[in-house]
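I opened my notebook for a friendly look through a new structure. These are the entries, in the order I made them.

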Amino acid sequence: MYALAVCAEMVFRDLPIEQRARRIHEAGFQVEIWDWTKHDLDALARSPAEFVSMTGYVNGSLTDADGAAELLRTAEESLKAAEHLGCGRLNLHGTGLDGQGLPVVPVHGEPTGEMWLAAQRTLTRIAELGESAGVVFTLENLNTAVDHPGVPFARAADTLALVAAVNRPGLRMNLDLYHAQIGEGNLIELVRKAHGAGLVGEIQVADVPGRCEPGTGEINYPAVARTLADIGYEGTVAMEAWASTDSEAALERFRAAFTV
């Protein structure tokens, strides 16, 4: 069966991040974080929590030479931070995001063919870094309609195509079903397709609308959970969602939705 994780950035928000990680761990979940540069890594490392995913770069993008160089440079820095926390997955996006989730290098319209080729080259080098370090980089799909307008390669179909084109064990897809529901829908078939291709490194969840815990919106997450069990998914399902009310209650709703 799959493991369950919770993003510490989005729950218990009145507590310092290391205390959030401890609370999530004590509730029986793995822990994920975002930008490691904003946290006290020593304090997090002293936590009993099992950290399984963090942002795998600080700046940069996939679509241009300067952005790619910066992405690779900061990915190497992120590898050191991941080693400090014993974290085995590092997450990427098509371009860096600011504090509001907006792209640092937005793309207007569809990415060009040259952008696709540049992204493939950059991700191949990223995969090589991951393989040398014994970790996996994951490329996350996002939505451009609500949260991240202008991000290139945002759709699940785009991230899946790029990961397949690179075809290296150091790069997998972070299949975010919240973003996919807004952008594409047909979640169960998307899960089956990505898993069947052997390209899923992690699955993230939140409900739509609102990006709160499963059970607060339109997505039938118990049906998704049954599908994951049926296809033999053994990776991590992570709740990257705001708590609609109480954080402990949100964690229990998440657990209930994914208990098959």
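Before looking up any residue, I noted the cut-off for burial: a residue is buried when its relative accessible area is under 20%, and exposed when that value is over 50%. I also noted that this is a predicted model.

I began with Tyr 221. Its relative accessibility is 1%, so Tyr 221 counts as buried.

**Entry: the chain as a whole**

I looked up the overall fold next. The protein chain has nine helices and eight strands. For 260 residues, a compact globule would have a radius of gyration near 18 Å, and I found 17 Å for this chain, which agrees. Along the principal axes, the C-alpha atoms fill a box of roughly 45 × 40 × 30 Å.

I then checked burial and surface. Of the 260 residues, 54% count as buried. The accessible surface is about 10,800 Å², and carbon and sulfur atoms hold 49% of that.

How much of the contact set comes from residues 24 or more positions apart? Among contacts with a separation of 6 or more, I found a share of 72%.

I noted 20 positive and 36 negative side chains, with the centres of the two sets 2 Å apart.

**Entry: aromatic rings**

The structure holds six aromatic pairs. One of them joins Phe 29 and Phe 254, whose rings are stacked, with 5.8 Å centre to centre and 25° between the planes. This pair links distant parts of the chain, 225 residues apart: Phe 29 sits in the loop between helix H1 and strand E2, while Phe 254 belongs to helix H9. I checked the accessibility of both partners. Phe 29 is buried at 4%, and Phe 254 is buried at 0%.

Then I went back to my tyrosine. Tyr 221 pairs with Phe 258, and because the ring centres are 5.6 Å apart with the planes at 45°, I wrote this pair down as tilted. Tyr 221 lies in helix H8 and Phe 258 in the segment after H9, so the pair ties together parts 37 residues apart in sequence. Phe 258 is also buried, with a relative accessible area of 2%.

Which residues do the ring pairs link into a cluster? I listed Tyr 2, Phe 29, Tyr 221, Tyr 233, Phe 254 and Phe 258.

**Entry: a threonine in a strand**

I looked up Thr 138, which is found in strand E5, residues 136–140. Thr 138 has 0% relative accessibility and counts as buried. Leaving out residues up to four places away in sequence, I found that Thr 138 touches Arg 89, Leu 90, Asn 91, Leu 92, Arg 172, Met 173, Asn 174 and Gly 201.

The peptide bond from Val 208 to Pro 209 is cis, with omega near -5°. Pro 209 lies in the loop between strand E7 and H8.

I found a positive phi of about 55° at Asn 167, although this residue is not a glycine. Asn 167 has its place in the loop between helix H5 and strand E6. Is Asn 167 buried or exposed? At 57% relative accessibility, Asn 167 counts as exposed.

Asn 186 also has a positive phi of about 55° without being a glycine. Asn 186 is in the loop between helix H6 and helix H7, and at 58% relative accessibility Asn 186 counts as exposed.

Terms used
Residues are numbered from 1 along each chain as its sequence is written. This is a predicted model: local features need pLDDT of at least 70, side-chain atom pairs count only at pLDDT 80 or more; totals for chains, interfaces and linings use all residues. Side-chain values use heavy atoms; hydrogens and water are left out. Helices (H or I, at least four residues) and strands (E, at least two) are DSSP runs, numbered from the N terminus. The radius of gyration is taken over C-alpha atoms; the globule rule is 2.2 Å times the number of residues to the power 0.38. Buried means under 20% relative accessible area, exposed over 50%, partly exposed in between (1.4 Å probe, protein chains only). Contact means heavy atoms within 4.5 Å. Accessible areas come from the Shrake-Rupley method with a 1.4 Å probe; for residues, only the protein chains shown count as cover. Lys and Arg count as positive and Asp and Glu as negative; His and the chain ends are not counted. The place of a charge is taken as NZ of Lys, CZ of Arg, CG of Asp or CD of Glu. Rings of Phe, Tyr and Trp (its six-membered ring) pair if their centres lie within 6.5 Å; planes under 30 degrees apart count as stacked, over 60 as edge-to-face and the rest as tilted.
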